[in-house]
Amino acid sequence: MNLTSTIFALFLALVTLTYYFFPQKKRWYVLLVSSYIFYAYASVKAFLYLVPTTVEVFLFARWMQNINNRYNEKLKAVTDKGEKKELKAACKTEKKKVLTLSLIITIGILCVLKYTNFICENAASIINIFKTGFHFSTINFFVPLGLSFYTFSAAGYLFDIYNSKYEAEKSFPKFALFISYFPSIIQGPINRNNLLRSELFEKEHNFSLTNTQFALQRILWGFLKKLIIADRAEIVVSYIFDSYAMLPWFTVLFGLFMYAIELYADFAGGMDIALGVSELFGVKLQENFRQPYFASSVGDFWRRWHITLGAWMKDYIFYPFSLSKPMTNLSKWLSVKSRHLSRVVPACLGNILIFLIVGIWHGAQWHFIFWGLYQGLIIAISTLLEPLYQRLIAFFHVNVKSPGWKIFRIIRTFLIILLGYIVDEISDMKDVVGMTKQLFSFTNFSLIKNFAPDTLSIVIVLAFTAVWFIISLYKEKTGLSIREKIASFPLVIRWTLYIALILCVPYFEAKYSAGFMYANF
């Protein structure tokens, strides 16, 4: 059920009416049933993965909670510090065994479905170096909708219960809603149980005309980003990426610029729709974007782009790895040689690791892995060379607070991200090399002849992107919500903008709409 389809609009209207018809304390049941209907509409087969994963994670989390409760009772009767320490260590060891088994099952399903063919194909390639004639037959696994998103939500929940961040959910239906909540299951955001549980079960969800208007505005804004900007930009991007060898460098650069717009509009548009849909029920999901193209460094970019994935990686991969015993020992060893290296090397290695995982998470293809390593290495190298940067800034007397310096850093970061998009979008590494060479062939200034994409689409994309840029600039400078700003306008101006937004989507949308990019993950 595509989030931009008519059938979804009808489904959403029915769910919203039913939701507010039910008593306050029973409304979450409507969301649970609706989430399962939504998922079943996509594929009944998907339940063969979603439901068992939900049951398995729920039971293992309760198991860890029971271990924790049992040892807490024992600790109450103990006064000796040494004995308390032993009990805590025993509790941690017992919980770790349960956590490990649960993660093997939970993440193992994801790995088998998404990466078996990739691993076997590459293993076969290595074996055939010795001309063995070994052949691997591809297995056509069924990959359920939103597999990566609900798996990461489930894994994060298991880590939180292991670390006693909060108590495991006692109600299976409530936990099932956390895993399957339909606004976020297709492409995120990656939910945290304690935050979503607070929104779903601890808040009153009374109907509010203002909140409904705000939610519908956000959904419409998401439609505009996806159906007008992203889908029209895709026409231009496809042509330039397919024909890069025949185009001058500045056209290739323009193609990368259009891809940056397409990717951002596609993903951010999907997020606007998901968050707007959830707001209809009075449930606020975590924001996933914060003006990423205004970032002043690659690290800053990733604190603004896909925020919930970055936070997940930071909490469950980066910190445990960087603070692990091997990294602590490495830091101590480096402290003899360099205080700076001892401080930053564990973090650099942690960043390379998490971006390697992020690359693999995006898909079982080498270009995603190289793209992830590219991002991680840029951040690691920047961190390592920070003292050198500071000396150069001091030597050239750069005013780091000046607008010019800030604009320079934003443009520099954007160009670095653009270069990475070549590896992100193109799967054939020969084409990656070829397009990169073409991008830096500055001797080619020939004009474009018979440029296939229609000029109107380019004009429409750039015009709506300019509006989006102005709104983003306003949010970046003020931190205020554009919806609240519009709501403060006089009635005539306010409704003129609302009607314009409503009419823009069907009038300017692309004839063909591709699915959301991140729904494939």
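I began with accessibility, taking buried as under 20% relative accessible area, exposed as over 50%, and partly exposed as in between (1.4 Å probe, protein chains only). By that scale Asp315 is partly exposed, with a relative accessible area of 30%. I note that this is a predicted model, in which local features need pLDDT of at least 70 and side-chain atom pairs count only at pLDDT 80 or more, while totals for chains, interfaces and linings use all residues. Residues are numbered from 1 along each chain as its sequence is written, and side-chain values use heavy atoms, with hydrogens and water left out.

Entry: salt bridges.
I counted a salt bridge where a side-chain nitrogen of Lys or Arg lies within 4 Å of a carboxyl oxygen of Asp or Glu. The structure holds 14 of them. For secondary structure I used DSSP runs numbered from the N terminus, namely helices (H or I, at least four residues) and strands (E, at least two).

Which residue forms a salt bridge with Asp315? I found Arg192, with the closest N and O atoms 3.0 Å apart. Arg192 lies in the loop between helix H7 (182-185) and helix H8 (193-201) and Asp315 in helix H12 (residues 307-322), so the pair ties together parts that are 123 residues apart in sequence. Arg192 is buried, at 10% relative accessible area.

I next looked up Lys203, whose side chain meets that of Glu199 in a salt bridge (2.9 Å, N to O). Lys203 is partly exposed at 31%, whereas Glu199 is buried at 16%.

Arg218 is buried at 12%, and Glu279 is buried at 14%. Salt bridges with shared partners join Arg218, Lys225, Asp272, Glu279, Glu287 and Arg483 into one network.

Entry: backbone geometry.
Where does Pro189 lie? I placed Pro189 in the loop between H7 and H8; the peptide bond from Gly188 to Pro189 is cis, with omega near 5°.

I then checked for positive phi in residues other than glycine. Ser164 has a phi of about 55°, is found in the loop between helix H5 (147-162) and helix H6 (172-180), and is partly exposed at 36%. His397 has a phi near 55° and sits in the loop between helix H16 (386-395) and helix H17 (403-425). Is His397 buried or exposed? I found His397 exposed, with a relative accessible area of 70%.
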